[in-house]
Amino acid sequence: MSNNLQGRVALVTGASSGIGEATAVALGRAGASVVVAARRVDRLAALEERLAGEGVKVLALELDVTDEAACRAAVARTVEAFGGLDVLVNNAGVMLLGDIEGADTTDWTRMVSTNLLGVMFLTHAALPHLLTSRGAVVQVSSTAARVVRAGTGVYNATKAGLNAFSESLRQEVTRRGVRVTVVEPGVVDTELREHITDPAGREAVEQRIADLRQLHPQDVANAVLYAVQQPDHVAVNELLVRPTDQT
Ligand code: NDP
């Protein structure tokens, strides 16, 4: 029998837009209580109101995942509000593309702190609770973990690093019932590219995707839902989901 999310508790980072928002909505509609976390509290408040209006138990939390103490506090607040933690979705991320030569290295610090260290901090804080609940960790990685290009090196490094961390985590905890899933989306129609600071980096990605039908955030949310709804003895470790048009 598949895993019923009714009464389960999920914490979704980067829930203020895109994939995280769609995933929080999907988990909530499937019966989970959801904690939606990000920095833009106005967006979170609107999502909280929308989900509460649908009868979902929801809590909005301001969180910068680069702040280790804030990550610990977010997990503690989740457990305090809903009595435990069953599903952690590490989705918050930034993609600040550009060449390595001459790069603004503060972009690198932001990517490593958010995409890699943020995931590590939250996973570390959540693990005792996930071991108690025999829960699940879902990491929103990327095709960038598998396909490397000139002009995307540091983003590639963060997502490849995320996959490595996740596989090590999987081996450490799977026999104790915690399932680890890495979801690797291809191009998704979200705000992600709008934050690229290097005009050439932004132009290059816009050109690369100009003629393809992109995934919708809901398509990735469906993959997350598929993974966490499997029966306890089934661990979906990796899901690569690309637009049909993406080579
Ligand atoms: P969005 O820009 O729409 O969402 C990114 C989310 O991350 C936002 O909610 C943002 O919220 C949050 N975030 C960024 N920095 C922080 C931080 N320091 N602390 C907390 N939250 C933060 O893009 P997507 O939905 O596309 O991105 C979600 C994930 O999907 C990322 O990890 C991305 O790498 C991955 N991905 C996306 C693909 C795409 O083509 N769009 C393809 C493959 C993977 P706020 O600013 O409010 O803090």
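Start by selecting H1 and H7: these two helices are oblique to each other, because angles under 35 degrees count as roughly parallel, over 145 as roughly antiparallel, 65 to 115 as roughly perpendicular and the rest as oblique. Helices here are DSSP runs of H or I with at least four residues, strands are E runs of at least two, and both are numbered from the N terminus. Residue numbers start from 1 along each chain as its sequence is written. Keep in mind that this is a predicted model: local features need pLDDT of at least 70, side-chain atom pairs count only at pLDDT 80 or more, and totals for chains, interfaces and linings use all residues.

H1 covers residues 18-29, and H7 covers residues 217-228. Their packing angle is about 50°, with the axes 8 Å apart (axes are lines fitted to C-alpha atoms, for helices over the stretch in contact, and angles run from 0 to 180 degrees between N-to-C directions). Show side chains along the contact: Gly-18, Ala-22 and Ala-26 are among those on H1, facing a set on H7 including Ala-221 and Val-224. Contact means C-beta atoms, placed from the backbone, within 7 Å.

H1 gives the most to the shell around the ligand, with three residues. There are 28 residues around the ligand, and Gly-14, Gly-18, Arg-39, Arg-40 and Gly-93 come nearest (near means a C-beta atom, placed from the backbone, within 6 Å).

Now colour the strands. You'll find an open sheet of seven, in the order S3-S2-S1-S4-S5-S6-S7, with parallel pairing; two strands pair if DSSP finds at least two bridges between them. At the edges sit S3 (58-62) and S7 (238-241), each pairing on one side only. From one strand to the next the twist averages 15°. Zoom in on S2 (residues 33-38), which pairs with S3 over five bridges in the parallel sense; Ala-37 has Leu-61 in S3 as its bridge partner.

Last stop: select H4 (residues 105-133) and H5 (residues 153-173), which pack at an angle of about 15° with their axes 9 Å apart. That makes H4 roughly parallel to H5. Among the contact residues are Trp-108 and Met-111 of H4, and Tyr-155 and Phe-165 of H5.

Notes
Contact = placed C-beta atoms within 7 Å.
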